[in-house]
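Here are my notes on this model, written as I would talk them through with you at the screen. Keep the structure open and follow the points in order.

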Amino acid sequence: MISDKTVLSAEDEAALDATIQEIAEGHGHVSNLMQTLALAPQGLAAFAALSRYTLYGSHLTELQRQLAIVIAVRDVHYGWAHHEPLARAVGVTSDQLQLIRDGRVPKDLAPAEHALCDYAFEISAGRRLPQRVAEAVHQNFSARQIDIALLTSFSIAIAALALALEVSIEPPETLQFELEWQRHKAAG
C-alpha cells in the first residue's frame, strides 16, 4: 500500500505529466534516472532543464561534451553505459577511453580537448584548480565555454544519483535509441 506521503497531488501529477512529455521530446525518451525523480515533479523539471542545457545548450562541441561527461562518470556503470558509446560515436578511441577510465588524460588530444580533460579531472576530484590547468582552459576556451564546469558538475550529480538510488541501466535497445537520438541532435 502506498502511504499518503508518496501520493502526488493533482497539481503535482499535472506538473509531472508536462515534465515527462518535455523530457521525452527533448531527450527522445525518459531515462530510468529521470523516472526515479518523478515523485518530486518540480525537482525533476529543474534537473531535466539543466540536463538539456548541458547537453544541447552549451557552446562546447559534442566531442568536448562527451569527454567531460565520461571523465565525470568513469567509475559509475550507469553513466559509463550511457556515455561510452556516445563518446566513441564522436571519435574518442578505445585507448583514450581506457586512459580516462584509469584517471589519466590521453596525450594524443588536441590542446583544447587536453585542457578540457585536465579541467574536468580536477573538478571531478573536488580539488582547487592548479594555475596551469586554469591558464590552459582560459587559453583554449572563451568565458562562455567555461560551461565545462557546469557540465562536469552536473555529470557528477548524475553519477551520484545513479549510485545512491541504484538506478538500473536501460535495455540495450533503449541505449541504441539514445545513441541514434544523440547523433541526430549533434548533426543538428
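1. Start with H4 and helix H5 (residues 77-89), which pack at an angle of about 150° with their axes 9 Å apart. Helices here are DSSP runs of H or I with at least four residues, numbered from the N terminus. The axes are lines fitted to C-alpha atoms over the stretch in contact, and angles run from 0 to 180 degrees between N-to-C directions. H4 and H5 are therefore roughly antiparallel to each other, a label for angles over 145 degrees. H4 passes H5 in a left-handed crossing, meaning that the near helix is turned anticlockwise from the far one by less than a right angle (clockwise would be right-handed).

2. Who does the touching in that pair? On the H4 side you'll find Gln66, Ile69, Val70 and Val73, and on the H5 side Gly79, Trp80, His83, Glu84, Leu86 and Ala87. Contact means heavy atoms within 4.5 Å. Sorted by class, the H4 and H5 contact has 6 nonpolar, 3 polar and 1 charged residues. For that count, Ala, Val, Leu, Ile, Met, Phe, Trp, Tyr, Cys and Pro are nonpolar, Asp, Glu, Lys and Arg are charged, and the others, Gly among them, are polar.

3. A word on the source: this is a predicted model, where local features need pLDDT of at least 70 and side-chain atom pairs count only at pLDDT 80 or more, while totals for chains, interfaces and linings use all residues. Residues are numbered from 1 along each chain as its sequence is written, and side-chain values use heavy atoms, with hydrogens and water left out.

4. Now look at H4 (residues 62-73) against helix H9 (residues 147-164): they pack at about 40°, with their axes 8 Å apart. The crossing of H4 past H9 is right-handed. H4 brings Arg65, Ala68, Ile69, Ala72 and Val73 to this contact, and H9 brings Leu151, Thr152, Ser155, Ile156 and Ala159. The classes here are 7 nonpolar, 2 polar and 1 charged.

5. H5 also packs against H10, at about 40° and with the axes 10 Å apart. H5 and H10 are therefore oblique to each other, and H5 passes H10 in a right-handed crossing. Ala81, His82, Pro85, Leu86 and Ala89 of H5 meet Leu175, Glu178, Leu179, Gln182 and Arg183 of H10. By class, that gives 6 nonpolar, 2 polar and 2 charged residues.

6. Which residues touch the most other members of the largest nonpolar core? Among its 46 residues, they are Met34, Phe47, Leu67, Leu116, Cys117, Phe141 and Ile148. Such a core is a set of buried Ala, Val, Leu, Ile, Met, Phe, Trp, Tyr and Cys residues joined through side-chain atoms within 4.5 Å. Helix H7 (residues 111-125) supplies the largest share, 8 residues. Leaving aside neighbours within four places in sequence, Leu67 is in contact with Val92, Ile100, Leu109, Glu113, Leu116 and Cys117.

7. Last, check two loops. Thr93, between H5 and helix H6 (94-101), is partly exposed, with a relative accessible area of 34%. Glu166, between H9 and helix H10 (172-187), is exposed at 69%. Buried is under 20%, exposed over 50% and partly exposed in between, using a 1.4 Å probe and protein chains only. Glu166 has a positive phi of about 50° although it is not a glycine.

Technical notes:
Angles under 35 degrees count as roughly parallel, over 145 as roughly antiparallel, 65 to 115 as roughly perpendicular and the rest as oblique.
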